[in-house]
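Please read them alongside the coordinates.

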Amino acid sequence: MIFQQAHTWFHQLIFALTLLMTPMAMGQQENIKKPKLVVGIVVDQMRADYLYKYEDMYGEGGFKRLMRDGFNFKNAQYNYVVTETAPGHASIYSGTTPSTHGIIGNSWYDRKLRDLVINVGDSTATLVGSEIPNTNGLSPHHLLSNTLGDELRQGKNFKAKVISVSLKDRGAILPGGRAADAAYWHDWVSSPGYFVSSSYYMEDLPNWVKNFNKKGKSDAYLNTQWETLYPIEQYTQSAPDNNNYEPAIGGKSTPTFPYDFKSMRERYRQAGAEYQLIWVSPVGNSLLTEFAIEALKREKLGLDEYPDLLAISYSSTDVAGHTFGPQSVEIQDMYLRLDQNIEELLNTLDKQVGAGNYTLFLTADHAGMPNAQFSNDQKLPAGIAPIKTYQFALAKFLNNKYEQQNLLQQFNYEQVYLDQDLILKSGLDLSSVQRSAADFLLTQEGIVGALTAHEMLSENYEDGARQKVQNGFHPKRSGDIILTFLPGYVQNTAAGMTLDKLKGTTHGSGYNYDSHVPLLWMGAGIPSGSSVREVKVTDIAPSLAMILNLQLPSGSNGQPLQELFE
Ligand SMILES: [Zn+2]
């Protein structure tokens, strides 16, 4: 009797618990709202501190809306070197590092071709929409692992659309992945500033792209003038407009506002780069925003039951960053204007797809260092890593030590390639030649790390600078020796370069000025909040795969961002 009572009581308890738990569990499921559209925004060369440095001057509907209504990962990091555009975009969308997706740099040396290859170069493809036919074939064929877009295409039986847009070819092609519907970029080489694509995706441009091109927007933008958005006295976060850290471009006598494109474009035209003037100024971001909004509308993204992906990569921020540097009024003004572009984009998404129906993230493909002379003037570490000097010294060292010419095949910045065939034929041991070359390079000023391919393949580095090198190492594409330079050092190939001649800035290292980027999320399924936990850009794609209930991209080894699911 007691047993039976206990038995019944136990069952009643379980039943009650089931009643209590089921609605809760169901409620939790409903809270993870599925987006109808994923929007990825990459801002080329955006440093994490730009979110806060210029915050007082941002409007309420752009960056500040993302920080206020969405989730802000304040310590988002690149976990490999080199921090360049092509590997950055590939890593964001594939959820893994160059060691797996294979895009180890913007270019790399191909031992079989005995030549440098460009990340999106593809001689079997032709440009589509260009005025000069069959030029500069481009595709994502060097990308070795799947992207989020590839999984979205497969997971929805190719009914989800993946469209990717940028000014830069690599900024459009790599985010789309291998199975994208289309990637479009801005061609300043062989067209009057048209958006073009590749025969890899299509035979002919869709009508909406042709019509957009026909409007001649690039040309119209080059008949305008770039002045600061607010009175220049208000740009107190930046160095004075006229300084020694910036070059005077387009025939100007000083590196100062205003920039009258009309009078500058002739000089750019003579250099065969008239439409690249768009890339160095905020009108490039405005042009891309217009094009992205046109893609959103004409491709009807986010309107049917299959979620789509729109990848947008802003390139002018990188070109202006290289030209003027982070201390410049030009960069501050560009971000204030980009803030307005993002507000316009968000408002359009709210209207077309509906606020809360799309999931958006914003990050960067890398950040950027301060101008080297500027750092030096502020007593901060800065220097030059003279690549040609290293190259001649190493060639001489190898000749003397092994009594063999031409053992050094290619010195491509931090990647040093030895002639492996010649080493084999000469009866030398590859790993010991690698190590002695590395030890020699470590004696050179500015070089603080020299790891060999043999070490990359035999060791497992679990953290720090050596892990970043290993994450960026691909056995088929990387060099025999991979170098690391002192913090603040700029790699340079020009003879006799001095700090004062280095205008603007660059990027590529594993140091925080290059690796620490913004990571903001907003929209369907995204809570509001912030975190200082160190997260990796390779966490973005697996997080989206979890939000969309997709298979993880093939090489993805990032961790879904737990904070987004709480
Ligand atoms: Zn760059």
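1. In these notes a residue is buried if 20 or more other C-beta atoms, placed from the backbone, lie within 10 Å of its own, exposed if 12 or fewer do, and partly exposed in between. Helices (H or I, at least four residues) and strands (E, at least two) are DSSP runs numbered from the N terminus. The model is predicted, with local features needing pLDDT of at least 70 and side-chain atom pairs counting only at pLDDT 80 or more, while totals for chains, interfaces and linings use all residues. Residues are numbered from 1 along each chain as its sequence is written.

2. Helix 7 (residues 169-176) is mostly covered, since eight of its eight residues are buried, namely Asp169, Arg170, Gly171, Ala172, Ile173, Leu174, Pro175 and Gly176. With contact meaning C-beta atoms within 7 Å, again placed from the backbone, these buried residues pack against several elements, including strand 1 (37-43), helix 4 (85-94) and strand 11 (308-314). Just after helix 7, Gly177 takes a positive phi of about 80°.

3. For the protein chain, 52% of the 566 residues count as buried, and among contacts between residues at least 6 apart in sequence, 74% join residues at least 24 apart.

4. The domain assignment, which is automatic or taken from a database, gives domain 1 (37-371 + 519-565) and domain 2 (383-501). Their C-alpha centres lie 32 Å apart, and the contact takes 14 residues from domain 1 and 16 residues from domain 2. On the domain 1 side, helix 5 (98-101) and strand 3 (107-110) each supply at least two residues.

Methods. Contact = placed C-beta atoms within 7 Å.
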